[in-house]
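Subject: Structure handover

Hello,

Here is the structure we talked about, with notes on what turned up in it. Please look through it alongside the points below.

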Amino acid sequence: KSETQNFGVVSKTNPKAAASLKEVLGPTGVSLAVLVAQARDAVVFGPDASKRGLKFLGNVYDTCTDLYLMILEALAGPGYGGCLEGVDAEALLEMGVGADVVMAVVRPMHGMAMAEEEEREAKRKAGLEVSEAIHASWLPENMRALYERGMGEAKGLGVELYEAFWSHRLYDLYVPKARYEAEVSRLRKDVARIEKGWKAGKERAAAQTADVERMKRAASDLDAERERQEKHCTAVRRKIEGSRNAFLSGLDAGAVEKSTASDLLEKCVYARCMISPEDASYCAKFLRTLVSVDTPSLPALSIYDSLVRSSAGLLYSVTEGEAGNLGVMLREVWTLLSRWRWDEKAFEDEAQGKKAFMIGGKRIHKKEFNAVYSKWHDVLWKACEAGLMAKEYMHIRATLVILSCVVKCFPRRAEAGKGLLERVTVLRGDSRQDVKAMANAYHAQLCKARDGGEWRKEDGGVWRDVEEEKRKKLKMKVRQEETKKKGDEMQIEMKGGVVEGGGGSGRVSPPPPRPPGRWSNF
């Protein structure tokens, strides 16, 4: 979560205060989190909701979401099982909260049970003694009740697929290798710097020696943690791959074709991706995993088509926090789709050869996918343009938030980029200072993406704005000439000359003669 929200910069916390908070929350923490989630729904559907402004409602709604997630995060740990004593699926569902809240409550316990089972399995393979399980997963006995209540009348998903989606988290599918490597490299550079000073004859301080040992242990622990997480992600992927045949096997072929895409998005993806950036990233990676494990009968093209088109409509019905989360998911999805569009080999290896990309038993060709991609691009482009021109204040803000999230991967076509630049240029003169600031920031990001070669031609080549480049070169030339003239003038003044004509143009007159006097001969 810190990687997605705080860019890896985590402020120091007081461990005693955190332990005290966890101890106080322990007996009633889950109930408090559920009450906050109930209050969140009351903000929107309460009797006074219509009297409040959209911005106020959105801010309170986002605050409630963040609060119940923080409570559950504070409770997570070895003693979390005690917080769930006496809590079952029926009790949670009767509280009137959705599957997103229910699974946020029970997922930590399921994760601990998974980790413990993997450790026990490793001991079995090594021939070691295996102790009894401490953590029991809450899901197997209650998933059917959650599935029936969560799906309602929808028939486009099997219980196995529903469980696979809701029971896992981001780091069950993804290992942040770059983050691990960067942190380990930083620690080892710090160690090398201190040890180099010692070799140069600097005195060793006890505190420095302790710091070096601590950083070495931290680097070693991070390497070990990365290895464990890679093994865990491999085990989870293997489990999903082993269950793929059951995801849609018990459903009618007509229901899969007509309902699976919409049901997966409505009951799973959109219900979860709005919660947090971590959940938004998870949704994109889960869809990618379903394709990569070659799930039979999965209508992948229909799923991505529905996702793009429905996301365009969500611009007008999300809070600012939800817009940011939606932008995170769209960024990952659109980055993948763009890679398939512009990299033919990636499309052949990752999509074309999969059963999920077959239509009527036939594989989709690259030209067909390119045509579909262009339609998706136009849908998002037109929706974002309309959002920037909207009269409602919150629609403009939500659109700018989403566009800022996806600016590195969207737009990719020059026509759309120029259109968005024109619209956001108008907003740069808006009288509302917050909108003006957001528009200025997005304008700078969009120009940077354009100049960095992110915009493409239809043949895949990098698009360049020739006229803009000419204007920049001319502007740079004028600036260089002005700088040169100012430099010449300063040199002349230092030598005692005077520039006639002003502004750097004209002739240079010699210094005035010295007046006659005592020192004139010198």
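A residue counts as buried here if its relative accessible area is under 20%. W342 has a relative accessibility of 19%, so it counts as buried. Please keep in mind throughout that this is a predicted model.

Aromatic pairs

W342 has a ring partner in Y373: the two form an edge-to-face pair, with 6.2 Å from centre to centre and 80 degrees between the planes. This pair links distant parts of the chain, since W342 belongs to helix α16 and Y373 to helix α18 (residues 366-388), 31 residues apart. Y373 is buried as well, with a relative accessible area of 1%. W342 also has a charge over its ring: the charged end of R341 sits there, 3.9 Å from the ring centre.

How many aromatic pairs does a search of the whole structure find? The count is 15. One of them joins Y304 and W340; their ring centres are 6.2 Å apart and their planes stand at 85 degrees, so this pair is edge-to-face. Y304 is part of helix α15 (residues 300-314) and W340 is part of helix α16 (residues 320-342), so the contact ties together parts that are 36 residues apart in sequence. Y304 and W340 are both buried.

There is also an aromatic cluster, made up of Y147, Y162, F165, W166, Y282 and F286.

Helix α13

R272 is also one of the buried residues of α13. This helix (residues 253-273) has a kink of about 55 degrees, and the kink is centred on S259. Other buried positions in α13 include A255, V256, T260, A261, D263, L264 and L265. Towards the end of the helix, C268, V269, Y270 and C273 are buried too.

Cavity

The search of the whole structure finds one cavity of 30 Å³ or more. The largest cavity holds about 80 Å³ of space. Its lining consists of S311, A312, L315, L330, W334, L380, C384, I402, L403, V406 and F410. Helices α15, α16, α18 and α19 (393-406) each supply at least two residues of this lining, and α19 gives the most, with three. Which classes of residue make up the lining of the largest cavity? There are 10 nonpolar residues, one polar residue and no charged residues.

Second largest pocket

The second largest pocket has about 900 Å³ of space. It is lined by 35 residues, and those nearest its centre are R40, D41, Y61, M274 and E322. Two or more lining residues come from each of α3 (29-45), α4 (54-75), α7 (99-125), α8 (139-151), α13, α16 and α19. Which element gives the most to the lining of the second largest pocket? That is α4, with seven residues. By class, the lining of this pocket has 17 nonpolar, 10 polar and eight charged residues.

Regards

Notes. Residues numbered from 1 in each chain as written. Predicted model: local features only at pLDDT ≥ 70, side-chain atom pairs only at ≥ 80, totals over all residues. Heavy atoms only, no water. Phe/Tyr/Trp six-rings, centres within 6.5 Å; stacked < 30°, edge-to-face > 60°. Helix = DSSP H or I, 4+ residues; strand = E, 2+ residues; numbered from the N terminus. Buried < 20%, exposed > 50% of the residue type's maximum accessible area, 1.4 Å probe, protein only. Lys NZ or Arg CZ within 6 Å of the ring centre and 35° of its normal. Bend = angle between axes of the 7 residues up to and from the residue. 1 Å grid on protein atoms, 1.4 Å probe; cavity = no way out; pocket = protein on both sides within 12 Å on 5 of 7 lines; lining within 4 Å. Points joined across faces, edges and corners; volume = space filled by probe spheres on them. Nonpolar A, V, L, I, M, F, W, Y, C, P; charged D, E, K, R; others polar.
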